[in-house]
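Me: Hi! Could you walk me through this one while I have it open on my screen?

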Amino acid sequence: MAKIQLVVLDMAGTTIKDQQEVQSCFFQAAQSTGLQADAERINFMMGWSKKLVFQTLWHEQIGKEHPDYEAKVTDSFSKFKTILEDHYKTQPVEPTEGCLELFDWLKAQNIKIALNTGFYREVTDIILQRLGWNQGLDSEYVGSATSTIQASVTPSEIYNHEGRPAPFMIQKAMYKLGFTDPKTVVTIGDTPSDIAAGINAGCLFSFGVTNGTHTKEQLAQYPNDGLFNSLSEFQNKIASLT
């Protein structure tokens, strides 16, 4: 087995505590713009590019051929961005259980850390700044061995803003950090699309964590290489593989 050189982690629900706040922001934006939003449907789409969620829901409600489709998507997404950015600017932003310990352990093992997300760049930057994880990142969001993380990738940096379950954000992180073999990469996230992205990228392992938006029972319905209650358990697994 190739040596693990890079771990790619999701943000909200995986490395950042999420008590359904993001879903709440979706529902507020939907309600204020006349969009029908079912809780189960929204939860299924967690991990997707956030604009794609609104595109999908408006397509289901009125169809892409409707003359107001683009305007409604733009309106809902704009409202969502305002609500979401205000939330992360004003409310507590905290790492999940075991996150900082995992980062320290990975750094000690010379394993690079990349964060990806369904968030667009602006709100990602707010979160990184609130936590101090932006320290040491350059203009391309690449850090050094001494920075907390070594790369940050969002759908904003991907063609057509395509997020998960496509593999492109993982591949972009690999490219930024100079890795070519996906079998040296392990991914973890709290949504089905997080895990699917790792599988689609051909990573060595694509794991799930169950202290975010989805329970163990929900994630177990989808292909995965293992499910953990916390990043502390994930760290133990990685340690057993290195």
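**Salt bridges and the sheet**

Reply: Happy to. Asp125 is partly exposed, with a relative accessible area of 26%. Buried means under 20% relative accessible area, exposed over 50%, and partly exposed in between (1.4 Å probe, protein chains only). This is a predicted model, where local features need pLDDT of at least 70, side-chain atom pairs count only at pLDDT 80 or more, and totals for chains, interfaces and linings use all residues. Residues are numbered from 1 along each chain as its sequence is written, and side-chain values use heavy atoms, with hydrogens and water left out.

Me: Which residue does Asp125 form a salt bridge with?

Reply: Asp125 forms one with Arg121, and the closest N and O atoms are 3.0 Å apart. A salt bridge here is a side-chain nitrogen of Lys or Arg within 4 Å of a carboxyl oxygen of Asp or Glu. The two residues are separated by about one helical turn because they are four residues apart in helix H6 (residues 121-131). Helices (H or I, at least four residues) and strands (E, at least two) are DSSP runs, numbered from the N terminus.

Me: And Arg121, buried or exposed?

Reply: Arg121 is buried, with a relative accessible area of 8%.

Me: How many salt bridges by that rule?

Reply: The count comes to seven. One of the pairs is Asp10 with Arg164, at 3.1 Å from N to O. This pair links distant parts of the chain, with Asp10 in strand S1 and Arg164 in the loop between S3 and helix H7 (168-177), 154 residues apart.

Me: What else does Arg164 meet in a salt bridge?

Reply: The side chain of Asp194, at 3.0 Å from N to O. Arg164 is in the loop between S3 and H7 and Asp194 is in helix H8 (residues 192-200), so this pair ties together parts that are 30 residues apart in sequence. Salt bridges with shared partners join Asp10, Arg164 and Asp194 into one network.

Me: Which strands does S4 pair with?

Reply: Strand S4 (residues 185-189) pairs with strand S5 (residues 205-209) in the parallel sense over four bridges. Strand S1 (residues 6-10) and S4 also pair in the parallel sense over four bridges. Toward S5, Thr187 stands opposite Ser206, and Val186 has Phe205 as its bridge partner.

Me: Which way do the S4 residues point?

Reply: Val185, Thr187 and Gly189 point one way, Val186 and Ile188 the other way, and all are buried. In a regular strand the side chains alternate between the two faces of the sheet.

Me: Last one: where does Glu101 lie?

Reply: Glu101 lies in helix H5 (residues 99-108).

Methods:
Pairing = 2+ DSSP bridges.
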